[in-house]
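Open the model in your viewer, show it as a cartoon, and keep the selection tool at hand. The stops below go from the whole chain to single residues.

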Amino acid sequence: MAGISIALNQYNDDMFKKLIAALSSRRHASRPAAAALPYKQEELNLMYQLLFCDDAQLVQQGPEPASLFGAAPDPRVVQTIGEDPAEESRVRLLAWQWLRVAGQPVASRELLGVVVEVPLEGGLDVLAAYADGSVRYIHHTGRVAVFEGTPEDIAQQGKLLVHAAIPLAAKGLVKHRAAPPVLGNVRLSLLAADGLHVRDGTFGDIDRDKIASPVLKQAQRLLDLVVRQGS
């Protein structure tokens, strides 16, 4: 994956922060050990972790954070957020995660995001796209790009990437998140309401897979647009 130089942007959506604060008292077993994190810089590891929308404790809101749901979150309210197509995809993923951890039934398998990881000699390239058109890219050198629904061509291609992964998510089983992939492999992490679906292997493996190959091709098209925007 080629690199671009765009300043690191913080996750500053108010709803996203409030939901993280509301869920911050819970621990999730899916978070990899710190030793397995791919970057030397703490802020990059934080952004990498946040891409998967599965650990609310990664963002601190202070000693007395405001809670979106109050002291005792109502599962019905959380489910309403998870089901709301007008809500930010990352917020919806955190809502579904809260419901699963709380032991609430989750009937939906809606796909809301795709994270593509490609290890290189110099580090890890990561491209993430969400159903609402937002896109994140971490270059292995530490440069970062963040797009929140604009430009239009990047937002639309991000949505196409998520759409292309729907058959792959429907086929796969829910898994726990693991350490980043090893050099020579590529990993497709599919972020769905019912949990994480993963397809990894060599580029040859993915390219020969009739269901996974279109996902990788759409990811490359998105990356081309991201790089073009950065240049």
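Begin with the surface of this predicted model: the accessible area of the chain is about 10800 Å², and carbon and sulfur atoms hold 52% of that. Of the 231 residues in the chain, 48% are buried. Among contacts with a separation of 6 or more, 63% are between residues 24 or more positions apart.

Now select the strands. They form an open, antiparallel sheet, and its order is E4-E3-E2-E1-E6-E7-E5. E4 and E5 (174-175) are at the edges, where each has a single partner strand, so one side of each lacks a neighbour in the sheet.

Next, select E1 (residues 111-120) together with E6 (residues 185-192). The two run antiparallel and are joined by six bridges. Pick Val114 to find one of these pairings: its bridge partner in E6 is Leu190.

H4 lies across E1, E2 (123-130), E3, E4, E6 and E7 (195-202), and runs at about 100 degrees to E1.

Move on to residues 134-138, which are E3; this strand pairs with E4 over five bridges in the antiparallel sense. Follow the hairpin of E3 and E4 through the five residues between the strands, and stop at Gly142, which has a positive phi near 110 degrees.

Finish on residues 144-148. Is E4 mostly covered or mostly uncovered? Four of the five residues in E4 are buried, so the strand is mostly covered.

Notes
Residues numbered from 1 in each chain as written. Predicted model: local features only at pLDDT ≥ 70, side-chain atom pairs only at ≥ 80, totals over all residues. Heavy atoms only, no water. Buried < 20%, exposed > 50% of the residue type's maximum accessible area, 1.4 Å probe, protein only. Pairing = 2+ DSSP bridges. Contact = heavy atoms within 4.5 Å. Axes fitted to C-alpha atoms, helices over the stretch in contact; angles between N-to-C directions. Areas by Shrake-Rupley, 256 points an atom, 1.4 Å probe, with all protein chains shown as cover.
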